[in-house]
Amino acid sequence: MIYKNNNGWTKEMVENNKETIFKFAEGYKNILDLGKTEREFVNQGIKLAEYKGFKNAETLEKINPGDKVYYVNRGKNLVLVVVGKDDILSGANYVVSHVDSPRIDLKGNPLYEDLELAYMKTHYYGGIKKYQWASIPLSLHGVVMLASGEKKEIIIGEDDTDPVFTIPDLLPHLAGKYQGDRKTAEVIKGEELQILVGSIPTYVENEDIKENIKYAILEKLNNAYGMIEEDFISAEFQMVPAFKAKDIGLDRSMIGAYGQDDRICGYTSMKAILDIEETPNRTAICFLADKEETGSNGSTGLQSNYLEYFTGDLISKIKGDYCEMYLKKCLWNSKAMSSDVNAAMDPIFKAVHEEQNAAKLNHGIVVTKYTGARGKAGTNDADAEYVWEIRNLLNTNNIKWQIGELGKVDEGGGGTVAMFLAQYGIRTIDVGPALLAMHAPFEVSSKLDVYETYRAYQAFFHM
């Protein structure tokens, strides 16, 4: 038979499932608004998990089949587990996505004044087109550890009554020579990504105060949060788009929002495991990771040993015993979906894709056998047997799916967390929806694809 990749919005789909799909999308949009940083997304996940009866595994001495537990790593990783009937040493089914997204971080010493304007210096995080972040409303999200040791969570710019921030761009009337000859990546340079934060001076009379606008901003931060300037050093402040998730199109078939790479997979995988009612055969694990956009490094990235840590703890509490061989055997016998997005082909920029192997919006979840760049550098290339398992799973459950690659062979490329899972011997493949405008402040997804992604992860957890 010929492989066909058709639009999922058939007459039957519209008549029977449109209402369900659109309702599911509302829950997704809501969590995109509530969880614009990895910490916020994890906090929302914990609330949903506890509401569904999940317990903190770190507080338990014994875990049994059917138990629902979770692990949290430094506020930036969340692991949800439903323990299966089968021996844990026969492996688990992992769905692993990341909940960090490209953004703009404040530097450790950000605040300064020039020309009677207060600005904050930044350092961008992840792969962005820097010019896309200029002249849009931005909100500030983050945590700060005060000199006293008190921790403050701060969000400014999300409430309708809040002020927002912005990175002013150069007006076109004067940009011809200054920006006109720059390459696209340098239309706005990294050091030009600076946040405008104020312009009214302090009225405190003190001859030692040389920068009255800057001092006025510090006054406001101190009055509102108890901050002093040195506290910026022990803070994690992120600038993200201030706008909300919105329906796109006259038919409302698409979603536009910040952070859909990869919270689209984070939400659908989390919802899939939270909705498990009966005890699955194999242990189901949803792992929300951090730092994917910068190489999965650090103690909360997938290159850390946290996967070994929580899996080892799980084994010891299920079996009442532990040895290193148990952990290796469990991981080697496990299966995983590396749940990350692919690039949807845009008719405006078709030239960067090889159409026969490119993903499209509304064509379902994307199965990506390999990612990487050029000669498959930095990839996990799933074996044929495992690809067949996933293909058969999707077909058996009547889930809309397609194959996809990230652009033409020599056009560019990109990686996911798949290779870090595969290093443990876990059979792994990339499976996630496609996006338009990936890594932009306003990414576009298909509501149908979001729902089919949820269904795919549901099926995998029951595999």
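Let's start with handedness: helix H8 passes helix H10 in a right-handed crossing. Keep in mind that this is a predicted model.

**Where H8 and H10 meet**
- H8 covers residues 384-396 and H10 covers residues 447-461; their axes come within 10 Å and cross at roughly 115°.
- That makes H8 and H10 roughly perpendicular to each other.
- On the H8 side you'll find Tyr386, Ile390, Leu393 and Leu394, and they meet Ala456, Ala459 and Phe460 of H10.
- Sorted by class, this contact has seven nonpolar residues, with no polar and no charged ones.

**Salt bridges**
- The structure has 28 salt bridges.
- Inside helix H1 (residues 11-34), Lys29 and Glu26 sit three residues apart, about one turn of the helix, and their side chains form a salt bridge at 3.0 Å, N to O.
- Lys29 is buried, at 10% relative accessible area, while Glu26 is partly exposed, at 41%.
- Glu191 pairs with Lys107 in another salt bridge, with the closest N and O atoms 3.1 Å apart.
- Glu191 is in the loop between helix H3 and strand S9 and Lys107 is in strand S5, so this pair ties together parts 84 residues apart in sequence.

- Lys447 is buried, with a relative accessible area of 1%.
- Through shared partners, salt bridges join Glu26, Lys29, Asp247, Arg252 and Lys447 into one network.

Terms used. Residues are numbered from 1 along each chain as its sequence is written. This is a predicted model: local features need pLDDT of at least 70, side-chain atom pairs count only at pLDDT 80 or more; totals for chains, interfaces and linings use all residues. Side-chain values use heavy atoms; hydrogens and water are left out. Axes are lines fitted to C-alpha atoms, for helices over the stretch in contact, and angles run from 0 to 180 degrees between N-to-C directions. Helices (H or I, at least four residues) and strands (E, at least two) are DSSP runs, numbered from the N terminus. Angles under 35 degrees count as roughly parallel, over 145 as roughly antiparallel, 65 to 115 as roughly perpendicular and the rest as oblique. A crossing is left-handed if the near helix is turned anticlockwise from the far one by less than a right angle, and right-handed if clockwise. Contact means heavy atoms within 4.5 Å. Ala, Val, Leu, Ile, Met, Phe, Trp, Tyr, Cys and Pro count as nonpolar, Asp, Glu, Lys and Arg as charged, and the others, Gly among them, as polar. A salt bridge is a side-chain nitrogen of Lys or Arg within 4 Å of a carboxyl oxygen of Asp or Glu. Buried means under 20% relative accessible area, exposed over 50%, partly exposed in between (1.4 Å probe, protein chains only).
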